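Subject: Structure for you to look at

Hello,

Here is the structure I said I would pass on. My notes follow below it.

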Amino acid sequence: MRKNLGVKSYLLPLPVLIIGTYNEDDTVDAMNAAWGTLCETNKVALFLSAEHKTFKNIVTRKAFTVSLADVEHVTACDYVGIVSANDDPNKFIKSGFHASKSSFVDAPVIEELPLTLECKLDMIDEKLECVIGEIINVSLDDRVLINGRIDFSKLNLISYNPIDHTYVQVKNTVAHAFHEGLKLK
């Protein structure tokens with residue numbers, strides 16, 4: 001038997017994305033966003049309120065980074081989501097994160113997070129409060145590589161669970177995509 005819950009934002013899992021931008025004074029800003037996804041093979045869509053400092057920075061700088069949050073940095077990742085740069089301009093420093101300038105776009109790469117999409121602004125849909133960025137480069141920490149390939153288990157990614165407001169580790173492989181279904185052919 002099924003139970004109707006009404007309208008809920010239960011499209012799971014939701015990635016925990018840390019969006020990096022530069023402020024007008026060249027200091028680093030970062031925010032935690034769960035409302036983001038790939039929308040083409042080389043584009044990412046972020047749904048951000050225009051009131052966020054990050055949104056304003058993207059409009060000004062025409063660039064941003066999207067880093068995937070991991071277990072090791074869950075406290076800092078949560079912190080940059082609960083504190084607004086509009087209220088505390090030192091939130092990035094307080095998070096304990098460090099950043100270096102992307103070689104590809106005018107945005108910071110958060111050094112502690114293992115995988116980063118470096119994006120230039122493609123378009124903004126103000127009605128949907130949606131920012132579309134073209135992925136110019138993907139950079140990663142070589143600690144997550146084995147034989148030159150990404151070892152997914154070393155990423156230690158987290159997902160946001162909106163049902164009970166928790167972070168969940170994304171971990172175990174259960175099957176091989178585009179292979180498991182062949183059993184039913």
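Which strands does helix H1 lie across? This is a predicted model, and in it H1 (residues 53-61) lies across S2, S3, S6, S9 and S10. Helix H1 runs at about 50° to strand S2 (17-22). The other helix I looked at, H2, lies across S2 and S3 and runs at about 95° to S3.

The strands named above belong to an open sheet of seven, with antiparallel pairing, in the order S3-S2-S6-S9-S10-S5-S4. Strand S3 (28-33) and strand S4 (36-40) are the edge strands, each pairing on one side only. From one strand to the next, the twist averages 35°.

Phe-47 has Cys-130 in S10 as its bridge partner.

I also looked at one loop residue. His-73 sits between strand S6 (63-68) and helix H2 (74-82), in the loop that joins them. Is His-73 buried or exposed? Its relative accessible area is 14%, and because the cut-off for buried is under 20%, His-73 counts as buried. The side chain of His-73 makes a polar contact of 2.7 Å with the side chain of Asp-70. Apart from neighbours within four places in sequence, His-73 is in contact with Phe-97, Glu-112 and Leu-113.

Regards

Methods: Residues are numbered from 1 along each chain as its sequence is written. This is a predicted model: local features need pLDDT of at least 70, side-chain atom pairs count only at pLDDT 80 or more; totals for chains, interfaces and linings use all residues. Side-chain values use heavy atoms; hydrogens and water are left out. Helices (H or I, at least four residues) and strands (E, at least two) are DSSP runs, numbered from the N terminus. Buried means under 20% relative accessible area, exposed over 50%, partly exposed in between (1.4 Å probe, protein chains only). A polar contact is a pair of N or O atoms within 3.5 Å; within protein, one must be able to donate a hydrogen and the other to accept it, and residues adjacent in sequence count only if both atoms are side-chain atoms. Contact means heavy atoms within 4.5 Å. Two strands pair if DSSP finds at least two bridges between them. Axes are lines fitted to C-alpha atoms, for helices over the stretch in contact, and angles run from 0 to 180 degrees between N-to-C directions.
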